[in-house]
Amino acid sequence: MFLDLDNTVLDRTGAFRGWAERFLDGIGAPSPDLDWLMSVDADGLTDRWDVADAIRDRYRLTTSSVDLVDEMREGVVANSRLDPLVACALRIADDAGWVPVVVTNGATRQEDTTIRRTGLDRYVADWVISEEVGVSKPNPRIFTLAAERVRMRLSGAWVVGDSPETDIGAAAEMGLPSVWLHRGRRWMESRFEPTATAGGFLPAMAAVLAG
């Protein structure tokens, strides 16, 4: 079972929001600016350097972009939490014979630290990070590497994630079933579609187990 990390297994948006609230409060920014910063972040899709530059320009900070990027990354890691119900669902999946493997795009140090610090490492068989292996989702190669790492075949696997392109698109290309975490969004892609749609990680696990 290939699992996306951010906003699938872990609440990355909540972790960024936690950091952003404290950061903005620390520089004396008005509370409505939180919405602006969340918009700039765009669920983590905006390059960290661009986010840092936007913050520096808006508040005319003398802090370097390097320091801001480091602070953001460390803040997200520090605010990341593993929901006990998610941990329970992973344990149930494991007991049912599934092999959960995290497959994520991102920086090795940040993602690895997040997985270990939250305790997620105790509930998954392994994890593969794009920077570490030199290939990113939706390239099927990263999923092949993940399967090899846990000595499993791609056949019979499911892909669970919140990204239409990098998760569900990759599953479609590999001919694998998938669950899309919609997070309040509508499915807009016409080239492919998920096998199932879920509003959160727990119903996503239920869909896989039922499938």
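Reader: Which residue stands opposite W180?

Author: T197, in strand β6, stands opposite W180. This comes from a predicted model.

Reader: What makes β5 and β6 a pair of strands?

Author: Count the bridges. Three of them join β5 (residues 178-181) to β6. Pairing takes at least two bridges, so β5 and β6 qualify as a pair. The two strands run parallel.

Reader: What is the strand order of the sheet?

Author: The order is β3-β2-β1-β4-β5-β6. That makes six strands in an open sheet, with parallel pairing. In general, strands of a sheet pair through backbone hydrogen bonds.

Reader: Why are β3 and β6 called edge strands?

Author: Each pairs on one side only. β3 covers 126-129 and β6 covers 196-198.

Reader: Which strands does helix α10 touch?

Author: Helix α10 (residues 201-210) packs on the sheet and touches β1, β4, β5 and β6. Touching here requires heavy atoms within 4.5 Å. The direction of α10 makes about 165 degrees with that of β5.

Reader: What are the two domains?

Author: The domain assignment gives domain 1 as 2-11 + 81-210 and domain 2 as 12-79. Their centres, taken over C-alpha atoms, are 26 Å apart.

Reader: How do you know which residues of domain 1 lose the most area to domain 2?

Author: Look at the buried area. About 940 Å² is buried between the domains, and carbon and sulfur atoms give 40% of it. On the domain 1 side, D11, R81 and Q110 lose the most, together 48% of what that side buries. Eleven residues of domain 1 are in contact with eleven residues of domain 2. Nine residue pairs are in polar contact across the boundary.

Reader: Why is D43 with R183 called a salt bridge?

Author: The closest N and O atoms of D43 and R183 are 2.8 Å apart. The cut-off is 4 Å, so the pair passes. Between domain 1 and domain 2 the count is one salt bridge. By this rule the count for the model comes to eleven.

Reader: What makes D4 and K137 a link between distant parts of the chain?

Author: D4 and K137 are 133 residues apart. D4 sits in the loop between β1 and α1, and K137 in the loop between α7 and α8. Their closest N and O atoms are 2.9 Å apart. That is within 4 Å, so D4 and K137 form a salt bridge. Side chains of opposite charge can pair when their charged atoms come close.

Reader: What kind of peptide bond joins K137 and P138?

Author: A cis bond, with omega about 15 degrees. P138 lies in the loop between α7 and α8. Most peptide bonds are trans.

Reader: What is the phi of R151?

Author: Phi is positive, about 60 degrees, although R151 is not a glycine. R151 lies in the loop between α8 and β4. Most residues other than glycine have a negative phi.

Methods:
Residues numbered from 1 in each chain as written. Predicted model: local features only at pLDDT ≥ 70, side-chain atom pairs only at ≥ 80, totals over all residues. Heavy atoms only, no water. Helix = DSSP H or I, 4+ residues; strand = E, 2+ residues; numbered from the N terminus. Axes fitted to C-alpha atoms, helices over the stretch in contact; angles between N-to-C directions. Domains from an automatic or database assignment. Buried area = accessible area lost by both parts, 1.4 Å probe. Salt bridge = Lys/Arg side-chain N within 4 Å of Asp/Glu carboxyl O. Polar contact = N/O pair within 3.5 Å; in protein donor to acceptor, adjacent residues only side chain to side chain.
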